[in-house]
Amino acid sequence: MVIVVVAAVMFYFAIMRHRAANTLAPSIFKFDAEHGYVVPIPQQQARFMGLPMFLAISSGFGVQGGPAVEDLNRASIALSALSRCVEIAEKRLVEYDKQRGITANDIQNPHVWIDSEDEDESRWTIVIEAKDNDGYAWHIEFKGSEFHDIWAGS
């Protein structure tokens, strides 16, 4: 009986993940030469330091030219934890660069980045681009809903 219940629960979560991926259908993404496949994140779901965010999948093209199903699944995981992770990311960014005192006036294009070449399918990143330094960005990495690392560079 326990095995049946466990199997049913696992099947339920597999279906829910599949449905979540389907809500991120490849057709809703637009291709952007700088960021890959992008779609805006509803502002009521998440904002970074008050700025609107978007979701970017850098590569991993699916059958119809859009993001691959695996990338959509990873994006669904990220989006399901995003509001909590944005709070963590804002705090980590401020701690990381205390001397500068980063504010919303210093950043642009905050987004969730899915790197399909990353072999760890639980990892995703919130990328915050610097306004005054073209190509420079802070990368706040998560594994599932847990903070993993922060780094910056061009």
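## Strand pairing and salt bridges

Lys143 has a relative accessibility of 35%, so this residue counts as partly exposed. Keep in mind that you're looking at a predicted model.

**Strands side by side**
- Strand S6 covers residues 107–114 and runs parallel to strand S5 (residues 54–57), with four bridges between them.
- One spot to look at is Ala56, whose bridge partner in S6 is Trp113.
- S6 also pairs with strand S7 (residues 123–130), this time in the antiparallel sense and over five bridges.
- In that pairing, Val112 sits opposite Ile126 of S7.

**Lys143 and Asp120**
- Lys143 makes a salt bridge with Asp120, and their closest N and O atoms are 3.3 Å apart.
- Lys143 is in strand S8 and Asp120 in the loop between S6 and S7, so the pair links parts that are 23 residues apart in sequence.
- Asp120 is partly exposed too, at 22% relative accessible area.

**Glu146 and Arg84**
- The side chains of Glu146 and Arg84 form a salt bridge, at 3.6 Å from N to O.
- Since Glu146 belongs to strand S9 (residues 146–153) and Arg84 to helix H2 (residues 69–96), the pair ties together parts 62 residues apart in sequence.
- Arg84 is partly exposed, with 41% relative accessibility.

**Asp132 and Arg100**
- Asp132 and Arg100 meet through their side chains in a salt bridge of 3.0 Å, N to O.
- Asp132 is in the loop between S7 and S8, and Arg100 in the loop between H2 and S6, so this pair ties together parts 32 residues apart in sequence.
- Asp132 counts as exposed at 60% relative accessibility, while Arg100, at 32%, is partly exposed.

Note on methods
Residues numbered from 1 in each chain as written. Predicted model: local features only at pLDDT ≥ 70, side-chain atom pairs only at ≥ 80, totals over all residues. Heavy atoms only, no water. Pairing = 2+ DSSP bridges. Helix = DSSP H or I, 4+ residues; strand = E, 2+ residues; numbered from the N terminus. Salt bridge = Lys/Arg side-chain N within 4 Å of Asp/Glu carboxyl O. Buried < 20%, exposed > 50% of the residue type's maximum accessible area, 1.4 Å probe, protein only.
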